Amino acid sequence: MRTTPENDELVADPATPAPPRRGVGAAVFGRLVIVLAVLGLAGGGIWLVTKASAPVASPTTMEIPALQVKAADVKPGSVAPVNATLAGGAAQQTAPQQAQPKPGKDPLAAWTERAAQATGIPARALLAYGNAELAMRQMQPNCKISWATLAGIGRIESNHGRYGGAVLGQDGRPSKPIIGVPLDGSPGVKAIGDTDGGQFDGDAAVDRAVGPMQFIPSTWRRYAADGNRDGLGDPQQIDDATLAAARYLCVNNRDMSAASGWWQGILSYNNSTEYAQKVFGLADDYAKAVASRS
């Protein structure tokens, strides 16, 4: 893990609404207004947390050993992964924008069901990855981040919200909090003193990465988002965490559809070539699996 100076330059969107409260609370998942806007059914936006003064550290600290996956056989920067976005590329035929939904059927929900069958990813997690892509398409259209890339990160960080036997509920929260190892300077671990008084990680001595996308509390304060619009920015809630991860990856107008931008973004999330190769392989496999069902 490393501090990424480039992310210090992020300036909050002046059109961003007031910051949501940050904490853990129950909520019922509702359709994102941003999704409705993209589908041409309504207009709306996403609530984001404005810029904070806390130091920025990479969201992830280390890959959880139990979730190790084989690194892709690809050289960094050689090619971009399959950018199977919901509205183009390999996934175009399965995109909600292109689909003809049945009466009463949410097009994005219909897509997640098909994608879940193709990839083995829980439909609830896919809904979060797809929603984050759609939200960023409106807020930062030049970033072009794909659901597949977010899914690759989610698989490594928490097995899509299921690490340690947790079950991802329909409210987007794991059945038990996902908390990383103490960042106490042990071998292979960055030393980061407590920055949240234990609010998010339950540890008042040192920080720990939290939630499905493994955010360090100080980083969460800067990139936190309310992806499910329940008035809370909760790192344990997968819609919130995934949208925050997308914001982090898209910082400084990075183009996540280009080879250079993609590798730069993933390495800023975790400064490890092997980690980036693993995300590449997973994202590529997920995208191809969904494309094969189109």
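**The α2/α3 crossing**

Modeller: Helices α2 and α3 cross in a right-handed sense. Residues are numbered from 1 along each chain as its sequence is written, and side-chain values use heavy atoms, without hydrogens and water.

Now the geometry. Helix α2 spans residues 107-119 and helix α3 spans residues 123-139. Their axes come within 9 Å and cross at roughly 125°. The axes are lines fitted to C-alpha atoms over the stretch in contact, with angles from 0 to 180 degrees between N-to-C directions. The pair is therefore oblique. The cut-offs: under 35 degrees is roughly parallel, over 145 roughly antiparallel, 65 to 115 roughly perpendicular, and the rest oblique.

Who touches whom? From α2, the contact uses L108, A109, W111, T112, A115, A116 and T119. From α3 come A123, L126, L127, G130, N131 and L134. Contact means heavy atoms within 4.5 Å.

Helices α6 and α7 pack at about 120°, with axes 9 Å apart. That makes α6 oblique to α7. A245, Y248 and L249 of α6 meet G265, I266, S268 and Y269 of α7. The loop between these helices holds N252. N252 is not a glycine, yet it has a positive phi of about 60°. Its relative accessibility is 33%, so N252 counts as partly exposed. The scale is: buried under 20% relative accessible area, exposed over 50%, partly exposed in between, with a 1.4 Å probe and protein chains only.

H160 also has a positive phi of about 60° without being a glycine. It sits in the loop between α4 (147-158) and α5 (217-223). H160 is buried, at 2% relative accessible area.

G227 is in the loop between β3 (225-226) and β4 (232-233). At 1% relative accessibility, G227 is buried. G227 and D240 lie 13 residues apart in sequence, but 4.3 Å apart from C-alpha to C-alpha.

Now the whole chain. There are eight helices and four strands. Their order is β-α-β-α-α-α-α-β-β-α-α-α. Helices are DSSP runs of H or I with at least four residues, strands are E runs of at least two, and both are numbered from the N terminus. Of the 294 residues, 56% are buried. Among contacts between residues at least 6 apart in sequence, 69% join residues at least 24 apart. The chain exposes about 11600 Å², of which carbon and sulfur atoms supply 51%.

pLDDT is the predictor's confidence in each residue, from 0 to 100. The chain averages 75, and 67% of the residues score at least 70. Where pLDDT is low, the predicted coordinates should not be read in detail.

How values were computed
This is a predicted model: local features need pLDDT of at least 70, side-chain atom pairs count only at pLDDT 80 or more; totals for chains, interfaces and linings use all residues. Accessible areas come from the Shrake-Rupley method with a 1.4 Å probe; for residues, only the protein chains shown count as cover. A crossing is left-handed if the near helix is turned anticlockwise from the far one by less than a right angle, and right-handed if clockwise.
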